[in-house]
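Good morning. Please look at the screen.

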Amino acid sequence: MPLLIFSALLHAYVGARLLPGLSAWPAAQGLLGLALLASMVVTPLGLTARRFKSPVLADRVAWAGMLFMGLFSSLFVLSLLRDAALLLAWLLQTLLSTTFSLETFSAWTAAAVPLLGLLMTLLGFVNARRTAAVVRVDVPIQGLPPALHGFAIAQISDIHVGPTIKRGYLQAIVDVVNQLQVDMVAVTGDLVDGTVADLAPHVAPLAGLSSTHGTYFVTGNHEYYSGAHAWIAELQRLGIRVLMNEHVVLQHGQPQQVLVLAGVADWSAGHFDSSHRSDPHAAMAGAPVQAAVKLLLAHQPRSATEAEKAGFDLQLSGHTHGGQFWPWNFFVRFQQPFTAGLHRLHKLWIYTSRGTGYWGPPKRFGAPSEITHLRLVPA
């Protein structure tokens, strides 16, 4: 009930601000009113669709709710921007005594908001549902031995297999990764939104990932919403190595050189299980000091501060989705130190993936998904 009330208040604001301005176009006014009423009810249902006993019905309600959520998000933000523009126009008219028609401006902007919102949602849907493009990144490492020149990593992150992302979507990602013929695959968390019982068949394609040194996984916050212990066991069953505040030593090249690959549990994991408290220092403990490269997988970029202190050279993260769709990409930085791309923190490189799937609304606008192909190169 509180969710429905909150949804009603937000939708009432948008309706009150836009519908009167559309009085010159009664058909458009009616369509927008009906869309807002549907969104007000369906969006909260989509967020709670797991309560439905029928999995098919739950998925369909989730689909509808997430589509409406994506559309309403844009309508709400554009309505706020329209109000700011109307206020500015009123001030200019008052101060400059111009002949500018505020009523005409109000009417045309009221029409522009739903049109822009719908366009952003349609384009965002296409971008979200396509298979992520490959983004190629070279990471310069000081003193990198020749045997590790070009060591290649495929990173996938934040796929969110769940109500709207199923086996076929993941299989297409696996096929692209396998074509890259990399040395290792990193899955940096938020793989699922649901239980092993519901989603195991849809995650099964991960067993088909191929690389020289195998596939490695670290938990994200959404694994803890979905039964992390069961998912860790399921991924291990699929042949994926789950790194929980620990490391493995990879021998690569001729002559062989040592690369330390470590992984930590999600930043928030300790709130769910104290034994999973994220700890980059524990992940490094006992690592060979002669290792040429020390690489950390950590779901959230804010693990970087401790990772740098622990002596890592490179951290691969996700979590942010790059904001997923405008304008949220401008707000991620208030919660995470790095939004997307390659950054430097003292001696540590941090690469933050925009994610390979999406969460919630099937919508990516201004923050495309990615399969990241990283290469270690000499600095």
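This is a predicted model: local features need pLDDT of at least 70, side-chain atom pairs count only at pLDDT 80 or more; totals for chains, interfaces and linings use all residues.

Residues are numbered from 1 along each chain as its sequence is written, and side-chain values use heavy atoms, with hydrogens and water left out.

The protein chain has 10 helices and 12 strands; these are DSSP runs, with helices being H or I of at least four residues and strands E of at least two, numbered from the N terminus. Of its 379 residues, 53% are buried, where buried means under 20% relative accessible area with a 1.4 Å probe, protein chains only. The C-alpha trace spans about 80 × 55 × 40 Å along its principal axes.

Now helix α2, residues 26–47. Its 22 residues, at 1.5 Å a residue, should span 32 Å, and this agrees with its end C-alpha atoms, which are 32 Å apart. The expected span is 1.5 Å times one less than the number of residues. There is a bend of about 25° at Ser 39, taken as the angle between axes fitted to the seven residues ending there and the seven starting there. Ser 39 is also one of the buried residues of α2, which include Leu 32, Leu 36 and Val 42. What covers these buried residues? The cover includes α1 (2–18), α3 (55–96) and α4 (102–129).

Next, the pockets. A pocket here is an open set of points on a 1 Å grid over the protein atoms alone, where a 1.4 Å probe fits, with protein on both sides within 12 Å along at least five of seven lines; lining residues have an atom within 4 Å of a point.

The largest pocket holds about 780 Å³ of space. It is lined by 28 residues, and the closest to its centre are Met 69, Phe 325, Trp 328, Trp 359 and Pro 361. Which helix gives the most to this lining? That is α1, with 5 residues.

The second largest pocket has a volume of about 660 Å³. Its lining has 30 residues, with Arg 50, Ala 62, Gly 162, Pro 163 and Asp 193 nearest the centre. Here α3 gives the most, with 5 residues. Helix α2 comes back at this point, as one of the elements that give two or more residues to the lining of the second largest pocket.

Terms used
Buried means under 20% relative accessible area, exposed over 50%, partly exposed in between (1.4 Å probe, protein chains only). Contact means heavy atoms within 4.5 Å. Grid points are joined across faces, edges and corners, and a volume is the space filled by probe spheres set on the points.
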